[in-house]
Amino acid sequence: MSGQQNNTTLEQQEILDGIRWNEAGLLPAIVQDDKTLEVLMFAYMNPESLKLSLESGQTWFWSRSRGELWHKGGTSGNTQAITSIHYDCDSDTLLVKVKPEGPACHTGEVSCFYRELPLGSKAVDNKPAEEVHSAEKTAGERFEVLAELERIIAEREAERPEGAYTTYLFDKGVDKILKKVGEETAETIIAAKNKDNAELRLEVSDLIYHLLVLLQERKLPLDDIMAELSARHERPRRD
């Protein structure tokens, strides 16, 4: 800690001295994508992990379950380059904005908050934020997440990071992948029959992810699928 202390600027140290750590000596940290502003994950920092984050420019946390420092992406490669750290008016919570290298969630999802709790009948009837943002994006920007997801899945197959859900699928083989595709297809159908768009959005996202895993297992590039769709669109209509 003494070596780290010397690397801390006077301004940083003054702020650190004013931080209100909880009774366990920890501080909640909300991690947000600097570009999309999507909340990626929630974790805790202790004084040492916060200083390591400041010094390295990447996120470090304190794992309460393992009782040790945790460098996000140290094993999986899904590191988070810090662009800014804000602290709230009570100095007891951090907002860490990052440029993520890969998904934040161990399941392979971009964000740990990928599941939605349905609201009651009194909920505000409004379009999801994604729909508003998608209208403002170009066609390339709208679908760049698919290319990124395809890249990450290929990386998972090659590197097989321990504990990653995508690694688990590739280790189990094509039969397991096909079973998941079937399950997600069925759940998509159920969500559509229930006329629940919030649920449908989640199930279609899961289905697309597992289809991309299947394409990678079969070594069929997504570009080939897009080319097929494009060719169909250009064919003369018969009706």
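Predicted model: local features only at pLDDT ≥ 70, side-chain atom pairs only at ≥ 80, totals over all residues.
User: Why is Ala 158 called exposed?
Analyst: Its relative accessible area is 66%. Exposed means over 50%, buried under 20% and partly exposed in between (1.4 Å probe, protein chains only), and Ala 158 is therefore exposed. Ala 158 belongs to helix α5, residues 139-159; helices are DSSP runs of H or I with at least four residues, strands are runs of E with at least two, and both are numbered from the N terminus. Between the C-alpha atoms of Ala 158 and Phe 170 there are 9.7 Å, with the two residues 12 apart along the chain.

User: How do you know that the buried residues of α6 are on the same side of the helix?
Analyst: The buried residues in α6 are Thr 166, Thr 167, Leu 169 and Phe 170. They cover an arc of only 160 degrees around the axis, so they fall on the same side of α6; the arc is that of the directions from the helix axis to the C-beta atoms. On the face turned away from this buried side are the exposed residues Asp 171 and Lys 172. After α6 comes Gly 173, with a positive phi near 100 degrees.

User: What makes the phi of Leu 37 worth a remark?
Analyst: Most residues other than glycine have a negative phi. Leu 37 is not a glycine, yet its phi is positive, about 70 degrees. Leu 37 is located in the loop between β1 and β2 and is partly exposed at 46% relative accessibility. Lys 219 likewise has a positive phi, near 60 degrees, in a residue other than glycine. Its place is the loop between α8 (197-217) and α9 (222-234), and Lys 219 is exposed with a relative accessible area of 54%.

User: How do you know that β3 and β4 pair, and in which sense?
Analyst: Two strands pair if DSSP finds at least two bridges between them. β3 and β4 have four bridges and run antiparallel, and therefore meet that condition. Trp 60 is bridged to His 71 in β4, and Ser 63 stands opposite Glu 68 in β4. The two strands form a hairpin with four residues between them, and in its turn Gly 67 has a positive phi of about 65 degrees.

User: Which residues of β3 make up its covered face, and which its uncovered one?
Analyst: Phe 61 and Ser 63 are on the covered face, Trp 60 and Trp 62 on the uncovered one. In a regular strand the side chains alternate between the two faces of the sheet.

User: Which strands pair with β6, and over how many bridges?
Analyst: β1 (27-33) runs parallel to β6 (94-100), joined by five bridges, with Gln 32 opposite Lys 97. β5 (80-87) runs antiparallel to β6 over seven bridges, with Tyr 87 partnered by Leu 94.

User: What lines the second largest pocket?
Analyst: The lining holds 32 residues, and those nearest the centre are Arg 66, Trp 70, Lys 72, Gly 73 and His 106. β2 (39-45), β3 (60-63), β4 (68-71) and α6 (165-172) each give at least two lining residues, and β2 has the largest share, four residues.

Technical notes. Residues numbered from 1 in each chain as written. Heavy atoms only, no water. 1 Å grid on protein atoms, 1.4 Å probe; cavity = no way out; pocket = protein on both sides within 12 Å on 5 of 7 lines; lining within 4 Å.
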